[in-house]
Amino acid sequence: METQNRLWRVLLLALPILVFSVLVIWPLLSSFYYSFTNWNGFNRDYEFLGLRNFAKIWTDRLFFNAIVNTTIWMVAALVLPTLTGLFLALLLDRQVRGARIFKTVFYLPICLSAIVVGQIWIWIYQPDWGLLNTFVKLAGNPDFNYAWLARPDSALFAVIVAWSWQQTGLSMVIYLAGLTSIPSEMLEVCEIEGATAWQRIWRVVIPLLTPSTVVVVALSMINSLKGFDILYIMTGGGPFNSSDTLAMHMYNESFKKYLMGYGSAISVVLFLIALTVIGVYFRQLRKVDEIYG
Amino acid sequence: MADVAVSVPARFNPWPATVFVALCILAALFLAPTAGVLLSSVKTTRAIALGDLWSVPDRIYLENYAEVLFNPAVHRYFLNTLLVTVPATVASIALGVLAGHVFAKLPFRGSNILFLIVVSGMFFPPQVILVPLFRLFNGLGLIDTLWPIILVHTALGIPICTLLMRNFFAAVPNALREAALIEGANEWQVLTRVSLPLSLPALAVLATLQFTWIWNDFLWPLIFTQSDDKRTIMIGIVNLRGQYTVAWGVQGALSLVASLPTLVIFLFFQRYFIKGMTMGAIKG
């Protein structure tokens, strides 16, 4: 029996593990390897630079800029979709009329591609007839034609808002799933004990939602590190690199300037950041499991 | 405060109405971006340029859709996207089924670690494997074909497919498997005749998720294809922006047409879609 099991394990796992190793694990490891080279993307040959690509990172003004922007993005991602998602989930948890339709509306953006989301929001921010400026004009500022995406001050935040619009549905879904696990008797007891609605939410519901919050925060941060498509279409990292993130910077160095060795060095940094976030996430998840599981 | 009213059941409770109104306002705000594109797609470029985008049109102008639907480039983009999405969706689910069965029913020493490694693959930014994959497919002479996109999506789908299939298979009672084995079935028959028929919802969940993600993808076709007749629809949207620079109506129509397959799937299989989203997120 056991020998048979062993055979089946090998037979069934061979293909998935092979594909995964060749197309994910191996490239991941070779990224480290190429980060020590000056491969240009076309020639077969390349030279070893040792740690020179990583030394260059320290002097690359655009890399520093990308780190700052990525951090801003991650912090915003930590706050915006989490809060809006929680707020919507709390509103929808009471059995309101039309809850199903509302839910559909709020998570509809998830199924759109980042390209289409970007396209939609380009129009919202369009200076002359975009929705945002149309509102500002109606509010009594008829000559307002601020170009949200063309100004270094606002471009990054404008993209983050568009991105949050899409992410909110995901946070909401996770919070709604978390809310179903809170026993209604507990809330009834609180009510009988005289807790106000406000106290119930702050002292009971939100603390009990901690497992969901861990998931939402981690997912938002991980997704923010991946953020590329929406930036590509909305700003291309500009103006003046004001919305350049690590993912974007890595793409530009590798596939615009063909500095694939240097691009790999940037991707190694990106990998290490992602690894840290995922490590903390798994640890928190285990801790949460111990307390709530 | 309104809070007081909540704890006194006999009195009028203003909360449901307040929540309902708040939700209506939020829903309107949430829908406004999409509605704007919908509105623009049935208006002339001139009307939009005159600042008439956000009003309800008195006449529906369908020329924008005709422009998109009769454009041979759009046909090509659609065909390419289908040729990538369908095989990659099927292949990634098939591989997830195989691996999921082992992790659920045939655990071995170290299988938990292996499972964790596979699953964590879904969290990493794709930029991390970009350069080596480009070199690999360049060396194989597959750049500017659809093959690398199909293969990479198959591989990147393995984490989520393995995760969901393992969780579903784990819920299939062991007694069923043992009974089948005693009857003389082998492991393959257990998987295909016992476990899979009981896990059809999982397949539906994965089919909706994978189809949507691969259809919507932009990065991999951007890296792996160059010529216009190998591009997928999301790249097509960006390419055609140049051709229809100020034809916002056409751009809007194109965005909607490109999103139609995923919108339809979402609206019809919403249950599965959401289930996949939450399962993938929480159990990860």
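How many residues does the contact take from chain B and from chain A? The contact takes 73 residues from chain B and 72 from chain A, two residues being in contact if their C-beta atoms, placed from the backbone, lie within 7 Å. This is a predicted model, in which local features need pLDDT of at least 70, side-chain atom pairs count only at pLDDT 80 or more, and totals for chains, interfaces and linings use all residues. Residues are numbered from 1 along each chain as its sequence is written, while chains are lettered from A and ligands numbered from 1 in the order in which they are written.

**Chain B side of the contact**
- Helix 2 of chain B supplies the largest share of the side that touches chain A, 14 residues; helices are DSSP runs (H or I, at least four residues) numbered from the N terminus.
- By class, this side of chain B has 53 nonpolar, 18 polar and two charged residues (Ala, Val, Leu, Ile, Met, Phe, Trp, Tyr, Cys and Pro count as nonpolar, Asp, Glu, Lys and Arg as charged, and the others, Gly among them, as polar).

**Helix packing between the chains**
- Helix 4 (residues 99-107) of chain A packs against helix 2 (residues 15-41) of chain B at an angle of about 30°, with their axes 9 Å apart.
- Helix 4 of chain A is therefore roughly parallel to helix 2 of chain B (angles under 35 degrees count as such).
- F102(A), V105(A) and F106(A) of helix 4 of chain A meet L23(B), A27(B), F30(B) and L31(B) of helix 2 of chain B.
- This helix contact has seven nonpolar, no polar and no charged residues.

Notes:
Axes fitted to C-alpha atoms, helices over the stretch in contact; angles between N-to-C directions. Helix = DSSP H or I, 4+ residues; strand = E, 2+ residues; numbered from the N terminus. Parallel < 35°, antiparallel > 145°, perpendicular 65-115°, else oblique.
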